[in-house]
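The exercises below are meant to be worked through with the model open beside the text. Each one gives a task and then a solution in steps.

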Amino acid sequence: MDRRIFLEIAGMTGAAALGPASLRADLAAPGGDEIEARVKGLVARMSLEEKVDQMSGREIVGGTGHGLSYGESPGNRRLGIPAMLTLGASRGAGMGRATVFPVSMCRGASWDRELEERVGETIGYEVRAKGCHSLLGPCINLVRHPSWGRAQETYGEDPLLLGVLGAAHVMGAQKHVMACPKHFAGNSIDDSRFFVNIVMDERTLREIYLPHFKRCVDAGAANIMSAYNHLNGSLCGQNRQLITEILKGDWGFSGLVMSDWGNAVDDTVAAANAGLDLEMPNGSAHYGKKLVDAVRTGKVPEKNIDDSVTRILRQKLKFITPDFRKGYDQERIAGKDAACLAREAAVKGMVLLKNQTSALPLDAGRIKTLAVMGRLANMKNLGDLGSSFVLPPYAVTALEGIKRRAGNSVKVVYCQGENLGEVGRIAKSVDAVIVVAGDTWRDEGEYLALWGGDRLDLNLHSAELKMIQTAAKANRRCIVVLEGGSAIITESWKDQVPAILMAWY
């Protein structure tokens with residue numbers, strides 16, 4: 001989409017920026033008079049223990065197929081209340097086989113609101129076909145520093161871009177399931193996310209770090225997830241100003257607020273009085289019996305519990321129907337249509353950073369021999385292995401894709417790039433060179449102790465720098481393709497190559 005057109009759409013106020021009126025009305029409503037009456041009746045019939053049970057999440061291990069988890073807000077058999085299953089899904093349904101979409105940073109670079117709504121809709125379909133009721137996304141945190149390991153999970157560093165694309169994703173996903181924009185708020189670092197205290201004045205908070213969340217609320221987001229970090233001295237999941245005063249008060253948010261996964265709450269009374277509705281994934285850590293006791297000793301008013309349970313039941317009754325999975329075909333998961341959409345998003349998100357002397361496009365009529373170099377060229381490099389991990393039925397490497405496109409008319413030679421003598425010799429012998437370089441899940445991602453976390457260096461690895469410089473010296477038509485989730489410094493080599501393409505993950 002043309003940037004000017006994007007800004008015109010983004011600059012609209014109120015409902016005009018959000019999509020079809022019929023869908024807006026459906027999403028903006030708290031669930032209608034009938035649902036509200038049913039919720040009120042259920043809350044009146046519930047014991048304190050049953051209410052608190054709704055607020056106390058549980059963890060189900062193995063949700064992504066590689067040891068991570070998803071969670072649920074429990075059901076209540078006596079009252080016919082369904083459980084609510086939640087699933088990580090920032091680039092696809094994170095449980096078993098599913099479509100892997102390009103990371104959000106790539107999709108953000110497309111400036112395409114309509115495309116992001118289609119991506120959200122497809123992810124929402126696959127999540128529902130798997131039997132889950134809420135996807136944990138989109139991530140719309142503002143990238144304050146490009147070294148943030150999870151920068152790949154969000155759309156960029158501008159509140160306008162984050163808000164328009166985040167709202168589009170919400171609207172697409174909520175044609176099928178609940179969406180849960182995250183992480184509210186001020187989250188932009190990973191290694192210290194559990195204890196860092198973000199300090200800012202209210203103007204900075206409201207003008208820079210909150211507008212994109214407000215757009216998602218206006219788009220009808222069912223849930224909001226709190227952040228791990230502290231904001232002005234208080235954990236975000238226990239921050240009354242954020243949750244009760246701004247989100248529920250100023251913005252009129254009618255959905256529920258859940259905590260991030262562990263370490264996001266450390267005080268039962270503070271969390272419940274701040275307005276945190278659902279502790280995930282182990283609600284017995286601070287809610288459960290501890291919350292029941294806090295109410296009975298007068299530390300937490302029962303009206304706070306009633307408000308939280310009302311919000312939870314409202315979304316459950318609105319989205320979780322008895323025939324929830326009817327008509328949702330698991331055979332469509334990771335099918336041809338979804339794969340075509342993922343490819344479209346990848347193509348539209350790539351950014352041509354430089355193209356001098358007509359280095360691109362490569363014309364098969366003139367190029368007869370082509371060298372592809374770099375370890376990443378022959379790696380299925382799809383991004384982080386943290387909570388955004390998705391398991392696809394297949395993946396195509398850059399090398400495989402280039403070979404298929406080249407066909408029999410172009411001879412493609414692959415070189416891993418470790419031997420600089422081989423790099424120079426091969427580069428000199430071919431008509432053009434494509435070097436694939438950048439980062440992997442080992443370099444950046446969600447901090448999980450054994451891998452991921454924030455980057456210490458925004459440059460390429462030294463071996464890749466030497467490979468690029470050697471290939472460029474031997475062949476004037478050397479194209480560098482970068483894979484990664486955020487900014488990569490190119491100063492030391494960008495003038496030595498005629499073309500640079502940012503392909504992301």
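Contact here means that heavy atoms lie within 4.5 Å. The model is a predicted one, and the exercises keep to what can be computed from its atoms.

**Exercise 1.** Determine which residues of α3 are buried, and which elements they pack against.

*Solution.* Begin with the extent of the helix: α3 covers residues 32–45, and its 14 residues reach 20 Å from the first C-alpha to the last, close to the 20 Å expected at 1.5 Å a residue. Next, pick out the residues with under 20% relative accessible area, the cut-off for buried; in α3 these include Ile35, Val39, Leu42 and Val43. Viewed down the axis of α3, the buried residues fall within an arc of 95 degrees, so they line one face of the helix. Finally, apply the contact criterion, and the buried residues of α3 are found to pack against α4 (48–55) and α13 (302–319).

**Exercise 2.** Carry out the corresponding analysis for α17, and state what covers its buried residues.

*Solution.* α17 has 13 residues and reaches 19 Å from its first C-alpha to its last, close to the 18 Å expected at 1.5 Å a residue. Its buried residues include Glu464, Leu465, Met467, Ile468, Ala471 and Ala472. They cover an arc of only 160 degrees around the axis, which puts them on the same side of α17. Ser462 and Lys473, which are exposed, sit on the face turned away from that buried side. The cover over the buried residues includes β11 (369–373), α16 (420–429), β13 and β14 (478–483).

**Exercise 3.** Locate Asp439 and decide whether this residue is buried or exposed.

*Solution.* Asp439 lies in the loop between β13 (432–438) and α17 (462–474). Because its relative accessible area is 3%, Asp439 counts as buried. Leaving aside neighbours within four places in sequence, the residues in contact with Asp439 include Arg455, His461, Glu483 and Tyr505.

**Exercise 4.** Describe how α6 and α7 cross, and name residues that meet there.

*Solution.* The axes of α6 (residues 113–129) and α7 come within 7 Å and cross at roughly 40 degrees, and the crossing is right-handed. On the α6 side, the residues involved include Arg113, Glu117 and Gly120, while those of α7 include Val164, Ala168 and Gly172.

Technical notes. Residues are numbered from 1 along each chain as its sequence is written. This is a predicted model: local features need pLDDT of at least 70, side-chain atom pairs count only at pLDDT 80 or more; totals for chains, interfaces and linings use all residues. Side-chain values use heavy atoms; hydrogens and water are left out. Helices (H or I, at least four residues) and strands (E, at least two) are DSSP runs, numbered from the N terminus. Buried means under 20% relative accessible area, exposed over 50%, partly exposed in between (1.4 Å probe, protein chains only). The expected span of a helix is 1.5 Å times one less than its number of residues. The arc is that of the directions from the helix axis to the C-beta atoms. Axes are lines fitted to C-alpha atoms, for helices over the stretch in contact, and angles run from 0 to 180 degrees between N-to-C directions. A crossing is left-handed if the near helix is turned anticlockwise from the far one by less than a right angle, and right-handed if clockwise.
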